[in-house]
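Let's take a friendly walk through this structure. We begin inside one chain and then move on to where two chains meet.

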Amino acid sequence: MTATTAPTPPAAGDGHTPSGGHYTSLGLDNRKIAIWTFIGSECMLFASLISTYLIYKGRSPEGPYPHEAWTNPTTGEVFKPIMNIPITSASTFVLLASSFAMVLALAAVQNKHVPKVTTGEKILGSSKLWLWVTCLMGMTFLGFQAYEFTSFVHEGLTMRTNLFGSSFFTLTGFHGAHVTVGVLWLFTLLAIDHKRGLTAADATTVDIAALYWHFVDVVWIAIFTLLYLIK
Amino acid sequence: MAEHSQVAAPAHDEAHHPGWSTYWKVAVILTVITAVEVSAYYIPAWENSWVYVPSMLIMSGVKFYIVVMYYMHLKYDHKLFRSLFTGPLVVAMITLVGLLFLFSKLVVRLGLLS
């Protein structure tokens, strides 16, 4: 598939975008300005959560710890390092792949008006397929996170155990909540696609959801490095 | 419809996005960088050296940049969107680094305070 071109907006006059938004005085879709402003504010939210985690890092008097073993001096019980890098690496690959599926879903919607001849073009041009793949990958990531949280609790780390537990569960829990909202958002797009079919006029609607989804992905890129890979 | 006469002509806020071939290349690059990051974690010589943390931060930053520029189309979109994202991002980064200098052991680790 060659480079995609979104549908040309209608000539100025009524001030409406093809999918019901409004053009601002700059000629930009007001909903895209809104989502970028929202994403900017989300940057500051996650920066505050990440800095809280980093400030409290290494300040827990009692374990379990993320990367070091710990022996409880009272009971003599030994706690192994809590982080499971292979599992988290797998979930990271899944989330990155979901972003790839999301851009293909957006490209498919933008190119709805382009005739598909070959099987490859039909696969690449199926917005339903790529939205489903993105949703399934998002749910897989959430499944990995549920497994991780459950195993941490079984290994003795809860939100109330120590500073590490509090800051870790708060940060990754907020991120998981954002992924959950993203999956629900994508399911609403899928419902629309199955009911009436997404058209090229819906490209901005899908683009806004895609921007949110990619932002959730870039936040995880930072979390994965700062929390899991740097000891 | 007088009020609409002052609405500017639609700009190219969603004009030209890259295609399948670009998205595929970006996906491969992201996968390779992530694989290198995870591998570095398991290589003691790398993980114990002073270059480990800077290399991890650089690789993470490159991944962040690539996703924002190509998957979020910031490279192709209107510059206002870039400002709306990078402005708060810079403020967030300055806040993060400031808090780390104030409350963490970063100052000591960097040798700025004994």
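The buried residues of helix H4 of chain A (buried means under 20% relative accessible area, with a 1.4 Å probe and protein chains only) include Trp130(A), Leu131(A), Thr134(A), Cys135(A), Gly138(A) and Phe141(A). This is a predicted model, in which local features need pLDDT of at least 70, side-chain atom pairs count only at pLDDT 80 or more, and totals for chains, interfaces and linings use all residues. Residues are numbered from 1 along each chain as written, chains are lettered from A in the order written, and side-chain values use heavy atoms, without hydrogens and water.

Among the elements covering those buried residues are helix H2 (85–110) and helix H5 (163–195) of chain A. Helices here are DSSP runs of H or I with at least four residues, and strands are E runs of at least two, numbered from the N terminus. H4(A) itself covers residues 127–154 and reaches 40 Å from its first C-alpha to its last. After H4(A) comes Gly156(A), with a positive phi near 100°.

Now look at where the chains meet. Here 56 residues of chain B are in contact with 66 residues of chain A, contact being heavy atoms within 4.5 Å. The rule finds 2 salt bridges across this interface, each a side-chain nitrogen of Lys or Arg within 4 Å of a carboxyl oxygen of Asp or Glu. Lys32(A) pairs with Asp77(B) in a salt bridge, with the closest N and O atoms 3.0 Å apart. On the side of chain B that touches chain A, strand S1 (16–17), helix H1 (20–41), helix H3 (52–71) and helix H4 (79–103) of chain B each supply at least two residues.

Methods:
The expected span of a helix is 1.5 Å times one less than its number of residues. Buried means under 20% relative accessible area, exposed over 50%, partly exposed in between (1.4 Å probe, protein chains only).
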